[in-house]
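Student: Can you walk me through this model? I'd like to go contact by contact, then look at charges.

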Amino acid sequence: MRIEQELKLGFKDVLFRPKRSTLKSRSQVNLTREFTFKHSGRQWCGVPVIAANMDSVGSFGMAEALAKYDVITAIHKHYSLQEWQAFVQAADAETLKHVMVSTGTSDADFTKMQDTLALSDDLMFVCIDIANGYSEHLVEFVERVRSALPDKVIVAGNVVTGDMTEELILAGADIVKVGIGPGSVCTTRVKTGVGYPQLSAIIECADAAHGLGGQIIGDGGCTCPGDVSKAFGGGADFVMLGGMLAGHKESGGDIVVKDGESYVKFYGMSSKSAMDKYAGGVAQYRAAEGKTVLLPYRGSVEDTIQDILGGVRSTCTYVGAANLKELTKRTTFIRVREQENNVFGKES
């Protein structure tokens, strides 16, 4: 047993220090980034925000809505091949370029993933997603996918340390997904005692990935637009959002009417709700590691995504970053014990 003494930080522990800026308006900030990915050689240009591959967030409807803003949607893995066929036939090329095909690591998952990607060459992203990215099985699966699909952009995770980030990139991943336990409906830290504060995880994994020519996704922990900015400021190339994009008409969650008000069911993908729906219940050898909540129905996602992107643009003006790529270079975080004045609670 050993103890690491260095304090690790989450988003609530820091604020940006403002800096002199020549920018006169938020409208001058460009949130678009261009990437050429290490192994696949594919290029992509867009706003590097990603709707999470949860079945009450990463829906086909969400993909169609967010593609208009150049934002990516990681489609959840529970759609059938027939549903994928219908979506691909109806969608235009630009929408498909803003979509990730999610997969588990079983042989059946591998076959379904290949069949799905074969529907269109515009489907360029594969998201290999398991809760514990420290399993040797994940590394082997990444190698298998890279061998079979040399021209696809492979995302793999989740991990929270630089050593495992490097191992996944060396195995063939272009992008590593970073985050264990920070999600709003994740209970992994409570059930297992395992985790890593998200900002420190992003900073350390970004450093490891960039040294090898790879990228990372900061996955989880964002509760407001300022957190999204902090993830980018810490070095994340992409930021994945779950709860912030849940509860909308495009999210795909079940709508529940309670006391005359409409709510949307939102749950973690390791929750009892998810396992009851897709795995016949929680296996006897494990515990559920997610919770189920009812979110007030929020209507269209368009107002929400505009608010998120507007917040990030505003961050950039405060620190003098004319484009998103510059944000991490212009970032100085200050440690704090308070974030905001909550004397009046939430906005009415």
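Student: Which residues does Arg 33 touch, leaving out those up to four places away in sequence?
Tutor: Trp 44, Cys 45, Gly 46, Pro 48, Asp 237, Leu 324 and Lys 325. Keep in mind that this is a predicted model.

Student: Where does Arg 33 sit?
Tutor: Arg 33 is in strand E2.

Student: Buried or exposed?
Tutor: Arg 33 has a relative accessible area of 14%. Buried means under 20%, so Arg 33 counts as buried.

Student: Next, Ile 202. Which element holds Ile 202?
Tutor: Helix H8, residues 198–211.

Student: And what is the relative accessible area of Ile 202?
Tutor: The value is 0%, so Ile 202 is buried.

Student: What does Ile 202 touch, again without residues up to four places away in sequence?
Tutor: Phe 11, Val 178, Ile 216, Gly 218, Ala 231, Gly 234, Gly 235 and Ala 236.

Student: How far is Ile 202 from Gly 181?
Tutor: Their C-alpha atoms are separated by 13 Å. Along the chain, the two are 21 residues apart.

Student: Switching to charges. How many salt bridges are in the whole structure?
Tutor: A search finds 12.

Student: Which residue forms a salt bridge with Asp 151?
Tutor: Arg 42. The closest N and O atoms are 4.0 Å apart. This pair links distant parts of the chain, 109 residues apart. Asp 151 is in the loop between H5 and strand E7 (153–159). Arg 42 is in the loop between strand E2 (33–36) and strand E3 (43–51).

Student: How accessible are the two partners, Asp 151 and Arg 42?
Tutor: Asp 151 is partly exposed, at 33% relative accessible area. Arg 42 is at 18% relative accessibility, so Arg 42 counts as buried.

Student: What about Lys 152? Which residue does Lys 152 form a salt bridge with?
Tutor: Asp 121, with the closest N and O atoms 3.8 Å apart. Lys 152 lies in the loop between H5 and E7, and Asp 121 in the loop between helix H4 (107–117) and strand E6 (125–129). The pair therefore ties together parts that are 31 residues apart in sequence.

Student: Is Lys 152 buried or exposed?
Tutor: Lys 152 is buried, with a relative accessible area of 5%.

Student: And Arg 2 with Glu 4: how far apart are the closest N and O atoms?
Tutor: They are 3.5 Å apart, in a salt bridge. Both Arg 2 and Glu 4 are exposed.

Student: Which residues are linked in a network of salt bridges?
Tutor: One such network links Glu 6, Lys 8 and Glu 204.

Student: Now the surface. Which residues gather in a patch of negative charge?
Tutor: Glu 136, Glu 140, Glu 143, Asp 163, Glu 166, Glu 167 and Asp 207. Two elements give two or more residues to this patch: helix H5 (136–148) and helix H6 (162–171).

Student: Take Glu 167. Where is Glu 167 placed, and what is its relative accessibility?
Tutor: Glu 167 is in helix H6. Glu 167 has 38% relative accessibility, so Glu 167 counts as partly exposed.

Student: Last one. Which residues form a nonpolar patch on the surface?
Tutor: Ile 255, Val 257 and Tyr 297 do, with about 310 Å² of accessible area together. Val 257 is in strand E11, residues 255–258. The relative accessible area of Val 257 is 62%, so Val 257 is exposed.

Notes: Residues are numbered from 1 along each chain as its sequence is written. This is a predicted model: local features need pLDDT of at least 70, side-chain atom pairs count only at pLDDT 80 or more; totals for chains, interfaces and linings use all residues. Side-chain values use heavy atoms; hydrogens and water are left out. Patches are made of residues with over 30% relative accessible area and no salt bridge: like charges are joined within 9 Å, nonpolar side chains (Val, Leu, Ile, Met, Phe, Trp, Tyr) within 5 Å. Accessible areas come from the Shrake-Rupley method with a 1.4 Å probe; for residues, only the protein chains shown count as cover. A salt bridge is a side-chain nitrogen of Lys or Arg within 4 Å of a carboxyl oxygen of Asp or Glu. Lys and Arg count as positive and Asp and Glu as negative; His and the chain ends are not counted. The place of a charge is taken as NZ of Lys, CZ of Arg, CG of Asp or CD of Glu. Helices (H or I, at least four residues) and strands (E, at least two) are DSSP runs, numbered from the N terminus. Buried means under 20% relative accessible area, exposed over 50%, partly exposed in between (1.4 Å probe, protein chains only). Contact means heavy atoms within 4.5 Å.
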